[in-house]
Amino acid sequence: MAARGADLAGEARLIDAMVPRGARILDAGCGTGRVGAHLAAAGHDVVGVDLDRELIAAAEQDHPGPRWLVGDLAELDLPSLGTPADFDAIVCAGNVMAFLAPATRVEVLRRFGVHARAGGRIVIGFGAGRGYEFDAFLTDVADAGLRTDLLLSTWDLRPFTPTSDFLVAVLTTRP
């Protein structure tokens with residue numbers, strides 16, 4: 001992707017622009033740590049969580065610094081692991097939401113809300129045609145008690161339209 005000129009840091013730049021310097025950020029479904037590593041390099045305190053032990057091992061090897069944890073987002077309970085649940089932002093990129101078992105989606109969103117500090121942002125991006133319709137996602141967001149603040153069609157701030165093939169949703173917890 002990089003050889004084709006793809007922007008591999010767009011997700012991290014968007015999150016970085018939303019938070020103050022030194023923010024606490026959860027990279028949910030972090031994979032090999034690409035997004036979290038960019039955010040850590042920008043001076044943020046990053047925790048990454050992914051279900052796949054091999055991807056976490058790659059993140060630890062390739063991107064020392066952030067805390068990388070193996071965990072199921074549907075059972076996310078970072079305080080039980082000694083990590084406070086007061087993140088300034090939670091980023092969930094790379095189509096993670098579309099990979100989740102449908103029965104766990106609302107619970108994952110709810111757990112994101114529990115781990116965000118009051119006023120914290122939860123930013124989720126995924127593409128169309130992956131078995132999770134955007135309208136169903138937005139219904140799940142409301143069912144999880146989150147508020148939709150902004151919908152974009154790309155990580156580079158293009159507006160979301162009914163014909164968009166990608167969704168970046170900026171969410172917050174309800175007061």
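**Salt bridges and nonpolar cores**

Glu-107 and Arg-111 join their side chains in a salt bridge, with N and O 2.8 Å apart; the term means a side-chain nitrogen of Lys or Arg within 4 Å of a carboxyl oxygen of Asp or Glu. Both residues belong to helix α5 and sit four residues apart, about one turn of the helix. Helices (H or I, at least four residues) and strands (E, at least two) are DSSP runs numbered from the N terminus.

This is a predicted model, in which local features need pLDDT of at least 70 and side-chain atom pairs pLDDT 80 or more, while totals for chains, interfaces and linings use all residues. Residues are numbered from 1 along each chain as its sequence is written, and side-chain values use heavy atoms, without hydrogens and water.

Nine salt bridges are found in the whole structure. In one of them, the closest N and O atoms of Arg-24 and Asp-45 are 3.5 Å apart. This pair links strand β1, which holds Arg-24, to strand β2, which holds Asp-45, across 21 residues. Arg-24 is buried at 15% relative accessibility, whereas Asp-45 is partly exposed at 39% (buried is under 20% relative accessible area, exposed over 50%, partly exposed in between; 1.4 Å probe, protein chains only).

The largest nonpolar core has 32 residues; such a core is a set of buried Ala, Val, Leu, Ile, Met, Phe, Trp, Tyr and Cys residues joined through side-chain atoms within 4.5 Å. Strand β5 gives the most to this core, four residues. Apart from it lies another core, of 18 residues, including Leu-14 and Val-168.
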